[in-house]
Amino acid sequence: MAHTASPPPTAGGLTATEHRLANGLRVVLSEDHQTPVAAVCLWYDVGSRHEVAGRTGLAHLFEHLMFQGSAQVKGNGHFELVQGAGGSLNGTTSFERTNYFETMPAHQLELALWLEADRMGSLLAALDEESMENQRDVVKNERRQRYDNVPYGTAFERLTAMVYPEGHPYHHTPIGSMADLDAASLEDARDFFRTYYAPNNAVLAVVGDIDPQRTLAWVEKYFGSIPSHEGKRPPRDGSLPEVIGEEVKQILHEEVPSRAMMAAYRLPHDGTREADAADLALTVLGGGDSSRLQTRLVRRDRTAVTAGFGMLRLAGAPSMGWLDVKASGDAEIADIERAVDEELARFAEEGPTPAEMERAQALLEREWLDRLATVGGRADELCRYAVLFGDPQLALTAVERVLQVTADEVREVAAARLRPDNRAVLIYEPTQVTAPDTGADVSEGATVSETGAAADTHDQEAAQ
Amino acid sequence: MSDATAQNGMSMEFHPQPRGGEPRPWAFPAPERGELPNGLTVLRCHRPGQKVVAVEVNLVAPLEAEPRDLEGVAGIMARALSEGTDRHSAEEFAAELERCGATLDAHADHPGVRVSLEVPASRLTRALGLLADALRAPAFPEGEVERLVRNRLDEIPHELANPARRAAIALSKELFPADSRLSRPRQGAEETIRNIDAAAVRAFYAEHVRPSTATAVVVGDFTGVDLDKALAETLGDWKGAAAGPRPVPPITADDTGRVVVVDRPGAVQTQLLIGRIGPDRHDRVWPAQVLGTYCLGGTLTSRLDRVLREEKGYTYGVRAFAQVLRSSPEGTGASMLAINGSVATDVTGPALEDLWRVLRTLAEEGLTDAERDTAVQNLVGVAPLRYETAAAVAGTLADQVEQHLPDDYQAKLYARLAETGTVEATAAAVAAFPADRLVTVLVGDASQIADTVRDLGIGEVTVVTDQ
């Protein structure tokens, strides 16, 4: 077991140590004894960007299968054992990774490690046609519930396809298409496991009321004998020009409650200072209740009910900034578009005021404090920086980096990226009454989600 | 391990399932209760490590206090609290809050208005000052109130288009008598929202918002914060005449078994909401009802999802739950007991048939001891996880105040859950969800689902359309 451990710089007293098992599993530990709970989080370096044509949605469908038992865990045992021990658990799939996590009462930590190790090492012993068919139906219902049966439900999927071209690994979203979900076979799932699920393609974080020595001994005991392999196929290259080059626009006539303008921009890759600057720019323009767009469209022009920007940070392709404006009453899209263009152009010219910088930095700092407020949130961030950037310690200094960005850098990134020739635009025009036989069109509805959750929350189980 | 061993087919070494260690003690935090000179009740609770402080303020401004022709005024007032004060314009107020890294939300529900502030501890005093301004001297500018009224009107079609929201509106209308405020949308309907202006908001505020009937709950890491001083300089400055307690009207509902289909031609799923009313937390049966409801539909391994999701694949998930509507000190309150979820359109009939079979089997055979034990272990065991953040603790403490419960209610609930047996949990679940006393709302394609639902014998079927 290799240790690269010395508790280095910290944010708010948080520290983390790093370790590596002989089979390549990276382990990050962080102690916090305030509450008797411990979080286990396991990130596998595989997401929807690794999927091939005709098998979109496979990474996420596979994530569901990880909850269907393994060599020593029967059926739904994963859920039963964790919940029976007073824990909570879930798994999610995004473009760049798949994560599995449990938060346990501290004295039940060992159980969570045993469970994660069992499915990492022996899933195929339990995986069968029956689970595959059942979870295929569950996931198709997840797709219907979250996207197809909701007004604007497929907007994010459409914008993604417009920002990342055909054939690009991020062209499709993690939920996948109904046709591909239908086409996935048990053999596809087995092959997916053999290719991507290995200790040397994962990072395990354990955070909370833990004894680091004892925790490491358990990790070694349960995970240490799982064989590594080099079978992983790297994702297709995600690099793209910094800007799209022209405005791409789609106008949809659908049965939605109001007009809407949504847009997506290519932004700098996550992990760069420019990405933090872009985050600040989007926050000044469209984050919170006193952003420029909210003030202009909702308060002054009164053409919109909501107007906001969100950012989907991506490491392996340009990040995406998305704008969501829902029109008020009979307001015209043309007026909304003109106002958005004016505000963005003015911002690219002037940059943020000192008060706006202070506000945006305070809001982003607050987001970080919220994410780090739970042991589960901390474990997830440590995994994120370890998997995507090779260094979990970066999680502990992320706030400082956001606070170091200057107003000039914010203006520069806005001028370079928030331009009409770097965006995909989706316009919704409501249709009135829909005849029953055209109802299928409704199912292609659409949204960049109101909660800003975007692609990142394809939960295995939504709420407990 | 090397690559060679993997290719040779060697597998991992298995170990028996570990047993848990000794649980470390944890208790739901006990708040310290006090009162400011202006009559404001304050509950405070120091939570080391929680750097984002949560403040919840309960205002006794219930929806049933709204004039009938101005329903929605409580919601508009709640939103308008942050639209400018005697010190700041609406735009300045929003910017000032955000410069503190603070979020301020206010919403109106049946028991009253709740104002929730969250802010990093380092900027607590500044944010408390803004919160106090909003409560003490809201400007309710005419232009801003007019905008909020328009926004609310804009929201209504979005609510009606959302299957889950649409189902909730339909169930309330069906369940409660037409003269009850509970039968109508919490945030008001178009015909009453249109009547609301700044004068109406000011009148509602003047009549129902005052420190002597309000409670503030403050939770977080107070290290380095002089909370007494901060409260005295902010919320302590809020003035208002005293007022007696408001009577809480009793709640009645008609749970005759029946079905309402809200027609959505072409919908790919049917949204289900199946409900009635039942006891609130004042009732001795509450812990047993919590256990029984969990066993029925609390999670993916509960009875409903075991069949509907994990066996049949009809749904992404179906849940059973109890949500307190309104409580009174006398125990005349009630909760909504309900089952919700969505199922693929073409299996709506079979899914409902299975759902009712689960309910009937529960009534005939009862819960098993193993189910009860797992439920207790989960519900009691997750408490320290559930209450990790200051906001979670503050929310529960404020709920207790709003529901006229003692401050140690939640702390004692865990002991009561642990003492509840299988027989009691079964009886409570069966009483909560009797197969013949449930009102079913289905938002979906009537042409595809109505006939199959008629054949199920779960009550008379009515189809309604929104157009």
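How do the axes of helix H12 (residues 354-371) of chain A and helix H3 (residues 90-99) of chain B cross, and within what distance do they come? They come within 7 Å and cross at roughly 55°, where axes are lines fitted to C-alpha atoms, for helices over the stretch in contact, and angles run from 0 to 180 degrees between N-to-C directions.

## Basis of the description

This is a predicted model, in which local features need pLDDT of at least 70 and side-chain atom pairs count only at pLDDT 80 or more, while totals for chains, interfaces and linings use all residues. Residues are numbered from 1 along each chain as its sequence is written, and chains are lettered from A and ligands numbered from 1 in the order in which they are written. Helices (H or I, at least four residues) and strands (E, at least two) are DSSP runs, numbered from the N terminus.

## The contact between the chains

H12(A) and H3(B) are therefore oblique to each other; angles under 35 degrees count as roughly parallel, over 145 as roughly antiparallel, 65 to 115 as roughly perpendicular and the rest as oblique. In this pairing A:Ala355, A:Glu358, A:Arg359, A:Ala362 and A:Leu363 of H12(A) meet B:Ala95, B:Glu98 and B:Arg99 of H3(B), two residues being in contact if their C-beta atoms, placed from the backbone, lie within 7 Å. By class, the residues of this contact are four nonpolar, no polar and four charged, with Ala, Val, Leu, Ile, Met, Phe, Trp, Tyr, Cys and Pro counted as nonpolar, Asp, Glu, Lys and Arg as charged, and the others, Gly among them, as polar.

The contact takes 79 residues from chain A and 69 residues from chain B. On the side of chain B that touches chain A, at least two residues each come from helix H1 (3-7), H3, helix H5 (142-161), strand E9 (315-326), strand E10 (334-344), helix H13 (369-381) and helix H14 (383-386) of chain B. H5(B) gives the most to that side, with eight residues, and the side as a whole divides into 27 nonpolar, 27 polar and 15 charged residues.

## A helix pair within chain A

Helix H2 (residues 77-84) and helix H3 (residues 109-122) of chain A have axes that come within 10 Å and cross at roughly 170°. That crossing makes H2(A) roughly antiparallel to H3(A). A:His78, A:Leu81 and A:Val82 in H2(A) meet A:Leu111, A:Ala112 and A:Leu115 in H3(A), and the residues of this contact divide into five nonpolar, one polar and no charged.

## Buried helices of chain B

Eight of the eight residues of helix H2 (residues 73-80) of chain B are buried, so this helix is largely enclosed by the rest of the structure; a residue is buried if 20 or more other C-beta atoms lie within 10 Å of its own, exposed if 12 or fewer, and partly exposed in between, with C-beta atoms placed from the backbone. The buried residues of H2(B) include B:Met77 and B:Arg79, and what covers the buried residues of this helix includes strand E4 (103-109), strand E5 (112-120), H5 and helix H8 (198-208) of chain B.

In helix H17 (residues 422-432) of chain B, the buried residues are B:Thr422, B:Ala425, B:Thr426, B:Ala428, B:Ala429 and B:Ala432. They cover an arc of only 165° around the axis, which puts them on the same side of H17(B), the arc being that of the directions from the helix axis to the C-beta atoms. Their cover includes strand E8 (269-278), helix H10 (286-297), E10, helix H12 (348-365) and H13 of chain B.

## Positive phi angles

Most residues other than glycine have a negative phi. A:Arg302, which is not a glycine, has a positive phi of about 55° and is found in the loop between helix H10 (292-300) and strand E10 (304-312) of chain A. A:Arg302 is partly exposed, with 16 other C-beta atoms within 10 Å.

B:Phe140, a residue other than glycine, has a positive phi near 40° and lies in the loop between helix H4 (124-136) and H5 of chain B. B:Phe140 is buried, with 22 other C-beta atoms within 10 Å.

## Annotated domains

For chain A, UniProt lists "domain: Peptidase M16 N-terminal" (unreviewed entry) at residues 26-164; UniProt positions are given in the numbering used here, feature names are shortened, and annotations may be inferred rather than shown by experiment. Residues 26-164 of chain A are 42% helix and 20% strand, with end C-alpha atoms 31 Å apart.
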